[in-house]
Structure formats: C-alpha cells, structure tokens
Amino acid sequence: MTERADGPDGGTERGAAAGRRRHLAVRGGDWAFAVLGLPVALLGGLYAIAVLYAGVLLSLTVVGLPFVALALLGVRRLGAPQRWLVGRLLGERIEPPAPLPRPAGVLARGRVVLTDPVAWRVLLHLLLRLPLGLLGFAAAVLLPLGGGWLLGFPLWVRLLEPGPRTTGWPEFVAVPLGLVLLASAPGAVRALSGVNRRLARVLLGPVRAQQRVRELEHARTGLIAANTDRLRGLERDLHDGTQARLVALAITLALAEDALGPVGPPEPDPSAPAETARLRALVSRARTQTDDTIAELRQLTRGIHPVTPEGGLGEALPGLTATCPVPVDIRLDLCQRPEPAIEQAVYYCVAELLTNIAKHSGARSAELAVRAADGRVRVLVRDDGRGGAAPGGGAAHGGGTAHGGGSGLAGLAERLAAVDGVLRVDSPPGGPTTVTAELPTAL
C-alpha cells in the first residue's frame, strides 16, 4: 500500500476544486428568493416610485406633506415582509427597527414621521430591490432556460429545417455558449443573493444609533438580572448560613444562662462566689446582643432582597406599609407581574417615599396606589403633610440630600431612570404631596 504525500501542487488542486464546488453550490433559498422575490420587488419598487413621483408633484400644495407622511408610514410597514423574506429564504436575520415614538400633537407626530430615517432607508431599499429583483429572476430562470435552448439549438434547427444541410457556425457557437450560460447561472444567483443580504442588512435593520441603544439595553438588562440573582444568593446565604448560626449561638447562650441560674445579686453563701454572678450577667448580656444582632440581620436581609419570587409586590407592599408609623391606605391593581428587577425598583421606590413621609412630611395619613397593566407600572404615593418636596432640593420632606449619593428624591429618580422609569413630584408649600412613578413591566 503506497502513501501519497500532498505537496504544494496537490493542495492547490484541492483548493481550486473546493472553489469550483463553492461556486456551483447554491442554496435552495437563493433560487427561491430570486424567483419569489420578483413580485415583491416589483410591487415595492412601483410603490416607492409612485411615492416619490406623487410627493414631488404635491410638494408645493397643502396636501403634499401629509401625503408623504402617510406614504412613509406605509413604506415603514413594507419593511416587515422584506425582512421576513430575507430571513426565511436567504438565512439573514434582520433585527426590526425600534417603533416610532408617539409625541403629543399632530404636528409633532408628522415631524417624527417625515424625519424617520428607518422609513427613508426602507424606501431606498425598495428602489434598489427593483433592478436586483429583475436581475435575480434573469439569473435564476432566464439563464438556465437560455442555456438549455442553446444546447439544443442544433436539434431545433434539424427539426425546423428537415433535409440535408451543412452545419454552420451558429451550431458550433450555440453549444459552448449554452454551457457558459448554464455554468454562470449558479454563480450569478449566489452573487446576487450576497448583494441582497448586504443590502437588507444595511437598509432594513435599525440605524446605527438605534442598534447601539439596543445593545446597551440588552447589556443593561443582563447586568440588572445578574445583580438581582447575586443579591438573591447573598440574601439566601445570610438567611440560611449566618442567621442560622447566630440562632444556634443564641440557643446555646440561653441554655448556658439557664444552667447558671437566674441573674441576681451575689449570694452570701461562700460556695457561690461573686464571679458566678458576674458570669451570669455576661451570658445574659451576650444573649441580648445576639438577639439584637439576629433582628438587625433579618432586617438587613429583607432590605437586600425584599420581594420574593413567589409573593411579588402583592405580598411585599402590604408588609412594607404596615411598618410605616403614618397610616397608609393601600390600593393594588396588579393585572401583570413585572420582572424581578422592576419589582425591586418599585419596592425601593415605595420604601423610600414612605420613609420620607415618616421623617419629613409631618403627615397624618398617606395613600399608596400601585397599578400594573398594559406593560406599565404606575405608583402613586400621596400624603397630607406640609409639602415643599422637590427632587432638586432638600425641602420640607425632600428626603434628605437631593444631590449625589443616591439619596433623597434625586437619587430615587436616578434609580428609576436605570430601568426606564420616570419620577414626578407635585408638592406645593402647605401640601398635599403627590409623587408618581411610571416604569415598564419588562426591560
């Protein structure tokens, strides 16, 4: 049995063969896109041409801008089937762009639509897809049909003109030309598919700024989820480890205190020296300190991760209002369960506001209303105190420092902004104070 060593020439031959196979290897989706994409390209291209033509003609009239705005809304919607077709047949998944913002007012919305970069980029894509669709259909259908017809050209001539005749140059040229057309069809389809992929990637996806914002939002969501899991693990370790050991220590000290007997003045009996009474007092003090430490640790663990996944805000908020020295009327309407990170933000928001009411407002009663529905969480906290609270200043019950450190209403607004929340404060001098927070149910 002989072994064959692959030299440089052998590697070059294998590379050339692999290149030829790659040239001829065309995905079925590429052929399907070239054929099925023609009607879509024709409709989209004609729509884009009509929009531009009518927009130019109507630009000097009153209906010009409204017509262009409505046409751009339609153009934006036409991007969805284009993305679906590219993803399904060409295997290029295109992220959908962010939805249009909806500002208040007709003029503001019209300005947003007219300056929407996504719609203009989709319009450009529709215009470019028209010639590319025609070329793709020609490469996928007309080239193979033309090549087959040229290969059979000598036969067609014999069938159409029976009898003896001399073979001319058309018969000699037709067969090689047919082979060239058949061989070039896969490469043309493959090249046009690559152009369509790049075109869709550039023009149908979100703009670079939107893509960067989306990447940052995904990174933020991952960090918040990781921090939430880490805090949950820390709370579990403190509860199941350190707190359990402190409870065991407290039980041991209680047993030792019971073994030493009741704490009291030293007995006159010489068999009970004064050191025994001193030891009883020390054990009793250690037991009291241990109990206080356990209580503080429980409060700390509730502050680290107060909302349990099982109970959620429906169980956490009533327990929080019960600890407030000011009577709180609570109303909950939780049709949707927010994400854990949003639940944490809502809990901390309510805890901070109730602490402000208890410390700074001088209120006799307060009201808490939380509603979660339609993808939004709305928190309303109202009190009948002296008012004067403001996120930018430490007023009557502005919550302490208003700048830096994450404290007070300013720090609370920053915490909510990290999860796309908004804080609004209405607190005229003399009261009442109404604080509203709005957050999404999911990041």
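The lining of the second largest pocket divides into 12 nonpolar residues, one polar and four charged (Ala, Val, Leu, Ile, Met, Phe, Trp, Tyr, Cys and Pro count as nonpolar, Asp, Glu, Lys and Arg as charged, and the others, Gly among them, as polar). The model is predicted, with pLDDT of at least 70 needed for local features and 80 or more for side-chain atom pairs, while totals for chains, interfaces and linings use all residues. Residues are numbered from 1 along each chain as its sequence is written, and side-chain values use heavy atoms, without hydrogens and water.

A pocket is an open set of points on a 1 Å grid over the protein atoms alone, where a 1.4 Å probe fits, with protein on both sides within 12 Å along at least five of seven lines; lining residues have an atom within 4 Å of a point. Ala69, Val106, Arg109, Gly110 and Val113 are the closest to the centre among the 17 lining residues. Helix 4 (106–114) and helix 3 each supply at least two residues of this lining, and helix 4 gives the most, with eight. Helices (H or I, at least four residues) and strands (E, at least two) are DSSP runs, numbered from the N terminus.

Helix 3 (residues 64–89) reaches 37 Å from its first C-alpha to its last, close to the expected 38 Å (1.5 Å times one less than its number of residues). Gly91, with a positive phi near 70 degrees, follows helix 3.

Elsewhere, five strands form an open sheet of mixed pairing, in the order 1-2-3-5-4; two strands pair if DSSP finds at least two bridges between them. Strand 1 (328–334) and strand 4 (422–426) are the edge strands.
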